[in-house]
Amino acid sequence: MHCRTGPRYPLHFAWQNATKLTFAGVPVKDADQSRYVVKSVVHASRVLGAFQSPGEVLRLRDVVTRAGLSKGVCFRLLFTLHQCGFLDKVGENHYRISSEMRRRRPLRIGYAAQGQDTSFDREVRAGLTRAAEREKVELVVADNRYQPKIALRSADYLIRERLDLIIEFQTDEVIAPAIAAKYMEAKIPFIAIDIPHPGATYFGANNYKAGLMAGHCLGRWAKKYWEGDADEVLLIELNRAGSLPKARMRGMLAGVTEMIRMPEATRTIYLDGDGQFQTTLERVRKHLRETMAKRILVGAANDPSALGALRAFQEAGRQNECAVVGQNAEPEARAELRAPNSRFIASVAYFPEKYGDGLIRLALDILSRKAVPPAIFTSHQIITPDNVDHFYPNDSLLSSSA
């Protein structure tokens, strides 16, 4: 029998319970159930189905156990499949699916989207979709809806989809260990965006650095316009995100103090804005009814909170008593930077529109068994009224098309 040097078509086998065969995800009857089924092909598919993940190396005894066939049959099939290019031989008696097979089988990657109604979330998802299409990767999307219980259900759904890798974007640190445990039990590698999860490769913000950049900007502004004299530093946190994003707030405070010398009387106030415009607006409203400070530096965990804080100052007729810096440089924040005489003075850009390329590249490296660092940090840039048009020259086109 003449064997080709490699498979002509992409194949995906999964053997379940030693009697239920699927070919490209479609169940196939056992050879004993139809006179048209070629039993040797069914046996070969059982052997191929014994390899459960890309790059997995199995011994002859492992294949015998998983395929439910005799040692002699498995040995002959392994030898034949190796000769035909379906399997690579590793060492004396070890085998794995050939690199050609792994390359041709479409990868399936899951994405648990954050689900917050912000442009940041939308741009991450859109960029990821574009990158997956370009790399011919099937992207299976679940929406966490910015709710921890739904994030747990999304994880269960993605696990049932039998994916090669999962990208997790959810904000609640308290459930991160539970989600991570689900993926690790299912033996599915995963990447966590912005919020660390145990066992995941981290992809996202360099929180302390981003906070430091914001703090330096606030400090320089106070030095220029208030002679370095601030009565209060108001930091709008995102407590549900946990310990790592708090480094962003520590960086802000450190950045301010590096730029200006704050008297002991200067108060530092922390409010939890939950990363949302309305929540921040209500809590800053309440704070402004209580504080007598006249020069307030405001640093927020993200742009929705920054804009909510600014709105509270505007409603109270106290806009000239604040300077506000946000994080993410979302379109709404960039529009505010262009507004005349606004006290929204800057936002730190994370470039979520570029997340997709980096995430898919990282996912492919992980699935190819390449060495990857435990954390991949995105680049950051302070965006101000002076440079917003340089970094985002097409915003006017986007607003006119909308």
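## Packing and pairing exercises

H1 and H3 come out roughly perpendicular to each other (that label covers angles of 65 to 115 degrees). This is a predicted model, where local features need pLDDT of at least 70, side-chain atom pairs count only at pLDDT 80 or more, and totals for chains, interfaces and linings use all residues. Residues are numbered from 1 along each chain as its sequence is written, and side-chain values use heavy atoms, leaving out hydrogens and water.

**Exercise 1.** Work out how H1 and H3 pack, and which residues make the contact.

*Step 1.* Take helix H1 (residues 39–49) and helix H3 (residues 71–83); helices are DSSP runs of H or I with at least four residues, and strands are E runs of at least two.

*Step 2.* Their axes lie 10 Å apart at an angle of about 80 degrees. Axes are lines fitted to C-alpha atoms, for helices over the stretch in contact, with angles from 0 to 180 degrees between N-to-C directions.

*Step 3.* For contact (heavy atoms within 4.5 Å), H1 brings Ser 40, His 43, Ala 44, Val 47 and Leu 48, while H3 brings Val 73, Leu 77, Leu 78 and Leu 81.

**Exercise 2.** Trace the sheet that holds E14 and E15.

*Step 1.* Line up the 6 strands: E13-E12-E14-E15-E16-E18, an open sheet with mixed pairing. Pairing takes at least two DSSP bridges between two strands.

*Step 2.* Find the edges: strand E13 (267–272) and strand E18 (381–383) each pair on one side only.

*Step 3.* Zoom in on E14 (residues 296–300) and E15 (residues 322–328), which pair in the parallel sense over 4 bridges. Val 298 has Val 324 in E15 as its bridge partner.

Note on methods
Parallel < 35°, antiparallel > 145°, perpendicular 65-115°, else oblique.
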